[in-house]
Amino acid sequence: MGYYFTPQLNAGVGVSYTYYNYKKGESEKFNYVGINLFGRYYPIPYIVLHAQPEINYMHHSFRGDKESDVVPAFIIGAGVHISSFTFMLQYDVAQHRYSPYGNNLFYSVGFSF
């Protein structure tokens, strides 16, 4: 949920849940519950720059072992905003070993109303 402070700047908060289940032989499961803040800047029409610090609580289970940890992430990205849709390429610069985003670029699609 966010708020436009000016036509060029908006910010907000978010919550998330992510579940991964890898089955290569034995099953490895990850559950993430997170909260985040985000800020977006529109330097020119249709172009968006994005920053998003977040904290995730991770629960991991593999071969009967269970582990929990707090996993920080700091997402940066850029993209286009067309009509009510935002398309971005993003990257987690924090690179915690249990990051739900991995160490590659990823894309996101959003809708505003």
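From the N terminus on, the elements run β-β-β-β-β-β-β. Strands here are DSSP runs of E with at least two residues, helices are runs of H or I with at least four residues, and both are numbered from the N terminus. The chain has seven strands and zero helices. This is a predicted model, in which local features need pLDDT of at least 70 and side-chain atom pairs count only at pLDDT 80 or more, while totals for chains, interfaces and linings use all residues. Residues are numbered from 1 along each chain as its sequence is written, and side-chain values use heavy atoms, with hydrogens and water left out.

**Whole chain**

Start with the C-alpha trace. Along its principal axes it spans about 50 × 25 × 20 Å. Next, colour by accessibility. Buried means under 20% relative accessible area, exposed over 50%, and partly exposed in between, with a 1.4 Å probe and protein chains only. Of the 113 residues in the chain, 27% are buried. Now turn to contacts, meaning heavy atoms within 4.5 Å. Among contacts between residues at least 6 apart in sequence, 41% join residues at least 24 apart.

Select residues 9-24 and 26-41. These are strands β2 and β3, paired in the antiparallel sense over 16 bridges. Two strands pair if DSSP finds at least two bridges between them. Pick Ala11: its bridge partner in β3 is Gly39. Then go to the turn. The hairpin of β2 and β3 has one residue between the strands, and Gly25 takes a positive phi near 85°.

Lys29 stands opposite Ser61 in β4. The hairpin of β3 and β4 has five residues between the strands. In that turn, select Tyr46, with a positive phi of about 80°.

**Phe38**

Stay in strand β3 and select Phe38. Is Phe38 buried or exposed? Phe38 counts as buried, because its relative accessibility is 16%. Show its contacts, leaving aside neighbours within four places in sequence. Among them are Met1, Gly2, Asn10, Val13, His50 and Gln52. Draw a distance from Phe38 to Gly14: the C-alpha atoms are separated by 7.8 Å, with the residues 24 apart along the chain.

**The largest nonpolar core**

Which residues make up the largest nonpolar core? Select Phe30, Tyr32, Met58, Val71 and Tyr98, five residues in all. Such a core is a set of buried Ala, Val, Leu, Ile, Met, Phe, Trp, Tyr and Cys residues joined through side-chain atoms within 4.5 Å. Centre on Phe30. Leaving aside neighbours within four places in sequence, Phe30 is in contact with residues including Thr18, Tyr20, Met58, His60 and Tyr98.

**The salt bridge**

Side chains of opposite charge can pair when their charged atoms come close. A salt bridge needs a side-chain nitrogen of Lys or Arg within 4 Å of a carboxyl oxygen of Asp or Glu. The structure holds one. Select Arg97 and Glu67: their closest N and O atoms are 3.6 Å apart. The pair links distant parts of the chain, 30 residues apart. Arg97 lies in the loop between β6 and β7, and Glu67 in strand β5 (residues 65-82). Arg97 is exposed, because its relative accessible area is 67%. Glu67 counts as partly exposed, at 29% relative accessibility.

**Asp92**

Move to strand β6 (residues 85-92) and select Asp92. Asp92 is buried yet has no salt bridge. The nearest side chain of opposite charge, Arg97, is 13 Å away. For charge, Lys and Arg count as positive and Asp and Glu as negative; His and the chain ends are not counted. Which backbone nitrogen does the side chain of Asp92 reach? That of Ala94, at 3.0 Å. Beyond four places in sequence, Asp92 is in contact with Ala73, Phe74, Ile75, Ser99, Tyr101 and Phe106.

**Two loop stops**

Select Ser83, in the loop between β5 and β6. Its phi is near 60°, a positive value in a residue other than glycine. Ser83 is exposed, with a relative accessible area of 63%. Then select Gln95, in the loop between β6 and β7. Gln95 also has a positive phi, about 55°, although it is not a glycine. Gln95 counts as partly exposed, at 31% relative accessibility.

**Last stop: Tyr107**

Tyr107 is in strand β7 (residues 106-111). It is exposed, with a relative accessible area of 67%. Leaving aside neighbours within four places in sequence, Tyr107 is in contact with Met88 and Leu89. The C-alpha atoms of Tyr107 and Gly77 are separated by 8.9 Å, with the residues 30 apart along the chain.

Methods: A polar contact is a pair of N or O atoms within 3.5 Å; within protein, one must be able to donate a hydrogen and the other to accept it, and residues adjacent in sequence count only if both atoms are side-chain atoms.
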